[in-house]
Amino acid sequence: GRGEVAPVKNNAGSWFIPTLTCIMSIGFGALDHYLNFEALLTPFIPEQKIKPLLCLGAALLMLTNALMVGLVIGARERLGVPHPLVYPTESDVKDPKIRVEFISTVRAHENFHEWAIPFLFLVVANIFWVGVPRFAAVCLVFWTIARIIYGFGYATGSPSARIPGFILSVLPVNFMYGGVIFAAVEGLLLQ
């Protein structure tokens, strides 16, 4: 009836994936710490090039958002999905393939936004607190390019086509997340 809360199923994925991500990120953070990617990047990215590289990352971030908007507008026009529909139902759009393609395109844009804010916080944390501005700038540029690949793959209407872009975009996230976790553990427990 109304007002009743459905019981929550014990879904292993609800705890397994975040736990695995955290463990992987700690491993990536340790790898970054011990291999010292910042020092490895220093000969290629001198001090005076860090800010321009971060600006390039910011510009690519805005470009990525604009591309995702363009994909949604193009899909709306091409597939005949009227405004303001975002998640058309069967009564809105009869062909299920068109519905899936449009919703996949919208999800590509939404997913970009879902990841952008936490990722940008990781960039800031890695620059100012972990102390790896070169590495953070490279991760920012790499991530935005990976998100473009992700968005164009997802917008094909075949959700599995997003996987290459997803895998590429998770790498810099895990490295920077791991760097933050590793720095926190090291600072709180090991010093």
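Here's a quick look at the fold and the salt bridges of this protein.

This is a predicted model, with pLDDT of at least 70 needed for local features and 80 or more for side-chain atom pairs, while totals for chains, interfaces and linings use all residues. Residues are numbered from 1 along each chain as its sequence is written, and side-chain values use heavy atoms, leaving out hydrogens and water.

The protein has 6 helices and 0 strands; both are DSSP runs numbered from the N terminus, helices being H or I with at least four residues and strands E with at least two. Of its 191 residues, 39% are buried. Buried means under 20% relative accessible area, exposed over 50%, and partly exposed in between (1.4 Å probe, protein chains only).

On to the charged pairs: there are 5 salt bridges, each a side-chain nitrogen of Lys or Arg within 4 Å of a carboxyl oxygen of Asp or Glu.

| Residue | Partner | N to O distance |
|---|---|---|
| Glutamate 47 | Arginine 134 | 3.4 Å |
| Arginine 78 | Glutamate 101 | 2.4 Å |
| Glutamate 110 | Arginine 107 | 2.9 Å |

Arginine 78 sits in helix H3 and glutamate 101 in helix H4 (residues 96-130), so this pair ties together parts 23 residues apart in sequence. Arginine 78 is exposed at 52%, whereas glutamate 101 is buried at 19%.

Glutamate 47 is exposed at 57%, but arginine 134 is buried at 9%. Glu38 joins Glu47 and Arg134 in a network of salt bridges.

Glutamate 110 and arginine 107 both lie in helix H4, 3 residues apart, or about one turn.
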